[in-house]
Amino acid sequence: MTGLSTILIVVGLFLAGGVYSFSKQKMPKGPIVLLAGASVMCLVAGVMRIQGIWG
């Protein structure tokens, strides 16, 4: 596992926690959708780097 992969996965999990927190606080849907999209992109990029598909 490379350093960048680790960082991408940690940031993705951090953003996923933000999605969970925002949804529990009944925040507007716009920021929740943006955070969810960013979280998924970070997690997918990290996993793709670990698998050697990207980078």
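This is a dialogue on reading a predicted model of one protein chain.

Trainee: Where do I start? What does the secondary structure of the protein chain come to?

Mentor: Begin with the elements. The protein chain has two helices and zero strands. Helix 1 covers residues 3-24. Helix 2 covers residues 29-51. Keep in mind that the model is predicted.

Trainee: What does the C-alpha trace span along its principal axes?

Mentor: The spans give the overall dimensions. Here the C-alpha trace extends over about 40 × 15 × 10 Å.

Trainee: At what angle do helix 1 and helix 2 pack?

Mentor: Read the angle together with the axis distance. The angle is about 155 degrees, and the axes lie 8 Å apart. Angles over 145 count as roughly antiparallel. Helix 1 and helix 2 are therefore roughly antiparallel to each other.

Trainee: Is the crossing of helix 1 and helix 2 left-handed or right-handed?

Mentor: Helix 1 passes helix 2 in a left-handed crossing. The residue classes come next. The contact of helix 1 with helix 2 has 19 nonpolar residues, six polar ones and one charged one.

Trainee: What share of the contacts with a separation of 6 or more comes from residues 24 or more positions apart?

Mentor: Sequence separation is the thing to look at here. Residues 24 or more positions apart account for 63% of those contacts in the protein chain.

Trainee: What percentage of the residues in the protein chain is buried?

Mentor: Burial is read from relative accessible area. Buried means under 20%. Of the 55 residues in the protein chain, 20% are buried.

Trainee: Let me try one residue. Is Gly12 buried or exposed?

Mentor: Gly12 sits in helix 1. Its relative accessible area is 0%, so Gly12 is buried.

Trainee: Which residues does Gly12 touch, not counting those up to four places away in sequence?

Mentor: Gly12 touches Ser39, Cys42 and Leu43. Gly12 and Ala38 are 26 residues apart along the chain, with 7.2 Å between their C-alpha atoms. For Val40 and Gly12, 28 residues apart, the C-alpha separation is 6.6 Å. For Cys42 and Gly12, 30 residues apart in sequence, it is 4.9 Å.

Trainee: How accessible is Val40?

Mentor: Val40 belongs to helix 2. Its relative accessible area is 49%, so Val40 is partly exposed. The cut-off for exposed is over 50%.

Trainee: And Cys42? Which residues does Cys42 touch, leaving out those up to four places away in sequence?

Mentor: Cys42 lies in helix 2. Its contacts are Leu8, Ile9, Val11, Gly12 and Leu15. At 16% relative accessibility, Cys42 counts as buried.

Trainee: Now Ser39. What does the side chain of Ser39 reach at 3.5 Å?

Mentor: Ser39 is part of helix 2. Its side chain reaches the backbone nitrogen of Ala16 at 3.5 Å. Ser39 also has a list of contacts beyond four places in sequence: Gly12, Leu15 and Ala16.

Trainee: Why is Ser39 classed as buried?

Mentor: Ser39 is classed as buried because its relative accessible area is 5%.

Trainee: Last, the connection. Where is Lys26 placed?

Mentor: Lys26 is in the loop between helix 1 and helix 2. Check its backbone angle. Phi of Lys26 is near 60 degrees, a positive value in a residue other than glycine.

Trainee: Is Lys26 buried or exposed?

Mentor: Its relative accessibility is 74%, so Lys26 counts as exposed.

Trainee: Let me recap. Helix 1 and helix 2 are roughly antiparallel. Gly12 of helix 1 touches Ser39, Cys42 and Leu43. Lys26 is in the loop between the helices.

Mentor: Good. Now trace those residues in the structure above.

Note on methods
Residues numbered from 1 in each chain as written. Predicted model: local features only at pLDDT ≥ 70, side-chain atom pairs only at ≥ 80, totals over all residues. Heavy atoms only, no water. Axes fitted to C-alpha atoms, helices over the stretch in contact; angles between N-to-C directions. Helix = DSSP H or I, 4+ residues; strand = E, 2+ residues; numbered from the N terminus. Parallel < 35°, antiparallel > 145°, perpendicular 65-115°, else oblique. Left-handed = near helix turned anticlockwise from the far one by under 90°. Nonpolar A, V, L, I, M, F, W, Y, C, P; charged D, E, K, R; others polar. Buried < 20%, exposed > 50% of the residue type's maximum accessible area, 1.4 Å probe, protein only. Polar contact = N/O pair within 3.5 Å; in protein donor to acceptor, adjacent residues only side chain to side chain. Contact = heavy atoms within 4.5 Å.
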